[in-house]
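I opened this entry to keep a record of what I looked up, one topic at a time.

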Amino acid sequence: MRLYKNSLRNRIFFSMMVLTIIASVLIAGMSIYQFKEQAKDYHEKRLLRKEQAIKEHIAFVLDETDFQVVTNNLPYIFKEDIYGLSAVHGMPIYMYDLNGTLLKSSKAQFTSDGLHKQISLDIIKKLNNADDGRYVQKFEVDGQSYRSSYTYLTDNRFKNIAILNLPYIENDDFMNHELEEFLKRLALVYAFIFCFSIILGYFLSKYITRSIRNISDNLKELDISKRNRKIDIDYKGTEEINTLVESYNKMVDELEESAVKLATSEREQAWREMAKQVAHEIKNPLTPMRLTVQSFQRRFDPENPDAKEKLNEYSNSIIEQIDVMSNIASAFSTYATMPAQKNEETDVCMVTQLALDIFNESNIRYTEDVDSLMAVFDRTQLIRVVTNLVKNAIQATHSDRENIIEVSVTHDSDHIFLTVKDAGTGVHPDNEKKIFEPKFTTKNSGMGLGLAMVKQIVENFNGKIEMHTVYGKETRFIVTLPRC
């Protein structure tokens with residue numbers, strides 16, 4: 001039943017099968033009932049016809065007899081004729097007086113009608129109360145159905161002179177045979193209908209649920225971050241399906257509008273926050289610059305023998321603060337205006353060594369497991385990745401030990417691994433999940449855009465970057481790139 005509940009298509013299909021089976025059972029039941037009613041009607045009419053024929057025959061005998069037509073003379077009148085009547089009409093005949101005592105019978109061996117020498121008072125009472133002067137008793141003996149007809153015999157003046165009893169055996173062999181043949185033919189017809197219903201139900205359920213399944217598949221692929229495809233109705237569906245499809249298409253349009261508004265809002269908010277951060281970072285060096293200039297204005301004496309030395313000290317302080325602002329502007333510019341990437345085959349080993357050549361630090365160690373490893377990557381941007389990771393490693397110096405920086409390029413059958421490991425301060429556990437977020441930094445200067453930029457570059461080339469750190473001991477960045 002779980003399959004029935006979980007799928008509308010299966011519900012439609014199984015419902016059609018159930019309806020077909022129910023219709024088959026109902027029609028078969030009605031057919032059996034109809035045959036039984038026909039058999040009942042047939043037996044009633046046949047008994048009535050035989051009764052009328054026998055009464056007409058008896059009336060003819062009474063008209064021709066020389067005896068007085070009274071109750072007591074009936075055994076003499078029908079002394080021999082009753083056997084002929086029974087033989088001609090094919091059924092036993094019993095004649096009783098008006099009190100129910102047997103007068104004459106065809107002596108047929110018919111004992112299963114429950115009557116012997118006397119009719120019960122109950123039957124006589126029912127016969128007297130019958131409007132048409134006729135009563136039919138129904139009963140079964142040993143599984144065989146019987147009808148026993150009771151009616152009055154009258155003289156030529158329509159006076160009741162006796163009770164005529166005609167026992168009748170209901171032989172349904174012919175009717176049962178006809179019913180059996182009919183049910184066999186009906187079973188064949190419904191077997192064909194059932195097979196046809198399976199095929200029809202399959203395609204009909206598929207047709208009915210086609211649009212719903214189409215909508216379901218599209219809903220599964222619905223993504224606010226990309227352009228979603230509408231459903232085109234290339235056939236005339238039902239009003240409900242068309243309404244559902246139109247509602248879905250309208251929702252796609254509204255979702256795209258909302259996505260555009262959301263993206264615009266998020267972009268504006270991001271740049272707003274970035275502008276605040278840039279302004280804050282620029283203000284920081286401006287304050288000491290202002291104080292330095294004001295102090296220089298108050299204390300500088302050109303006649304002082306140390307004037308040249310103080311001028312150099314002032315100039316160095318101003319230049320240092322200008323460099324800080326320049327670094328801030330460069331970092332922001334680099335993050336905000338990333339150049340268009342070039343998808344070119346790049347030797348990762350060669351470019352990594354080239355990027356390390358700009359550093360003069362003696363504590364940088366480089367290793368590789370092969371001379372050349374090719375990946376689809378922008379050469380310039382790979383240099384940026386290596387440069388940023390190494391700069392971060394240099395700045396993570398621990399005061400108690402030498403910060404050895406290990407840069408390595410290794411590979412397996414499908415990937416290239418660029419690893420930059422330092423023996424510095426590590427990253428605090430509270431900051432591990434924030435390390436790649438824009439504007440996050442643990443340093444006193446800078447905007448925290450370097451690692452965010454590295455992550456963006458690597459992911460643009462279907463790679464990934466991971467950080468493993470032990471706080472206070474070391475940090476290792478692993479860049480994984482697909483090989484050519």
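I began with a bridge: tyrosine 96 has leucine 102 in S2 as its bridge partner. I take helices (H or I, at least four residues) and strands (E, at least two) as DSSP runs, numbered from the N terminus. The model is predicted, so local features need pLDDT of at least 70 and side-chain atom pairs count only at pLDDT 80 or more, while totals for chains, interfaces and linings use all residues. Residues are numbered from 1 along each chain as its sequence is written, and side-chain values use heavy atoms, with hydrogens and water left out.

**First hairpin.** I looked up the strands around that bridge. Strand S1 (residues 94-96) and strand S2 (residues 102-105) are antiparallel and share 3 bridges; two strands pair if DSSP finds at least two bridges between them. The hairpin of S1 and S2 has 5 residues between the strands, and glycine 100 there has a positive phi near 95°.

**The open sheet.** In which order do the strands of the open sheet run? I noted S7-S9-S10-S12-S11, which makes 5 strands with mixed pairing. Strand S7 (364-368) and S11 are the edge strands, each pairing on one side only. On average, neighbouring strands of this sheet are turned by 15° against each other, direction ignored. Angles here run from 0 to 180 degrees between N-to-C directions, and axes are lines fitted to C-alpha atoms, for helices over the stretch in contact.

I then checked single pairings. Strand S10 (residues 415-422) runs antiparallel to strand S12 (residues 474-482), with 8 bridges between them. Histidine 415 has proline 482 of S12 as its bridge partner. S11 and S12 are also antiparallel, over 7 bridges. Threonine 469 is opposite threonine 475 in S12. The hairpin of S11 and S12 has 3 residues between the strands, and glycine 472 has a positive phi near 90° in it.

**Helices on the sheet.** H10 lies across S7, strand S9 (405-411), S10 and S12, and runs at about 170° to S7. H11 packs on the sheet too, touching S7, S9, S10, S11 and S12, with its direction at about 25° to that of S10. By contact I mean heavy atoms within 4.5 Å.

**H10 against H11.** How do helix H10 (residues 348-356) and helix H11 (residues 379-395) cross? Their axes come within 9 Å and the crossing angle is roughly 55°. H10 and H11 are therefore oblique to each other; angles under 35 degrees count as roughly parallel, over 145 as roughly antiparallel, 65 to 115 as roughly perpendicular and the rest as oblique. The crossing of H10 and H11 is right-handed. A crossing counts as left-handed if the near helix is turned anticlockwise from the far one by less than a right angle, and as right-handed if clockwise. The residues that make the contact include Val348, Met350 and Leu354 of H10 and Leu382, Ile383 and Val386 of H11. I sorted the contact residues of H10 with H11 into 10 nonpolar, 2 polar and 1 charged. Ala, Val, Leu, Ile, Met, Phe, Trp, Tyr, Cys and Pro count as nonpolar, Asp, Glu, Lys and Arg as charged, and the others, Gly among them, as polar.

**H11 against H12.** H11 and H12 pack at about 145°, their axes 10 Å apart. The crossing of H11 and H12 is left-handed. Among the residues that meet are Gln381, Arg384 and Val385 in H11 and Gly450, Leu451 and Met453 in H12. The contact of H11 with H12 divides into 7 nonpolar, 4 polar and 1 charged.

**Single residues.** I looked up threonine 346, which lies in strand S6 (residues 345-347). Is threonine 346 buried or exposed? Threonine 346 has a relative accessible area of 3%, so I count it as buried; buried means under 20%, exposed over 50%, and partly exposed in between (1.4 Å probe, protein chains only). Leaving aside neighbours within four places in sequence, threonine 346 has contacts that include Val351, Leu373 and Leu382.

Last, I checked asparagine 462, in the loop between helix H12 (450-460) and strand S11 (464-470). Asparagine 462 is not a glycine, yet has a positive phi of about 60°. Asparagine 462 is exposed, with a relative accessible area of 66%.
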